[in-house]
Amino acid sequence: MIERLRPDLAIVDLGLPIMSGFELARRIRSNPALHGTRLVALSGYGQDSDVQAALDAGFDEHLTKPPDPDRLEQVLAGSAASQ
């Protein structure tokens with residue numbers, strides 16, 4: 001679906017049932033047609049190592065559940081820095 005829609009932004013839960021969000025991010029990043037897509041990880045885990053693992057997989061941002069509304073607004077606006 002993401003190849004067909006080519007969104008500007010995708011918020012991806014890391015705990016997906018068929019493949020992990022980490023693997024999905026790696027696949028998206030390996031597809032040249034999707035290089036412009038910003039990826040935001042959504043996870044119940046928010047330790048520094050969890051955030052780093054998401055960034056290493058290719059995510060641009062990491063949000064911990066439940067996301068802070070102000071931070072989510074920043075991410076949606078494209079102004080959030082990786083944390």
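In the predicted model, the cover over the buried residues of helix α3 includes α2, β2 and β3. Helix α3 spans residues 48-57, and its buried residues are Val51, Ala54 and Ala57. Viewed down the axis of α3, these residues fall within an arc of 125 degrees, so they line one face of the helix. The face turned away from this buried side carries Asp48, Ser49 and Asp56, which are exposed. After α3 comes Gly58, with a positive phi near 120 degrees.

Strands β2 and β3, which contribute to the cover of α3, belong to an open sheet of three strands. The strand order is β1-β2-β3, and the pairing is parallel. Strands β1 (9-13) and β3 (61-64) form the edges, each pairing on one side only. From one strand to the next, the twist averages 25 degrees. Four bridges join β2 (residues 38-43) to β3 in the parallel sense, and Leu42 stands opposite Leu63 in β3.

Helix α2, formed by residues 21-29, lies across β1 and β2. Its direction is at about 175 degrees to that of β2. Helix α2 is also among the elements covering the buried residues of α3.

Ala57 is itself one of the buried residues of α3.

Definitions and conventions:
Residues are numbered from 1 along each chain as its sequence is written. This is a predicted model: local features need pLDDT of at least 70, side-chain atom pairs count only at pLDDT 80 or more; totals for chains, interfaces and linings use all residues. Side-chain values use heavy atoms; hydrogens and water are left out. Two strands pair if DSSP finds at least two bridges between them. Helices (H or I, at least four residues) and strands (E, at least two) are DSSP runs, numbered from the N terminus. Axes are lines fitted to C-alpha atoms, for helices over the stretch in contact, and angles run from 0 to 180 degrees between N-to-C directions. Contact means heavy atoms within 4.5 Å. Buried means under 20% relative accessible area, exposed over 50%, partly exposed in between (1.4 Å probe, protein chains only). The arc is that of the directions from the helix axis to the C-beta atoms.
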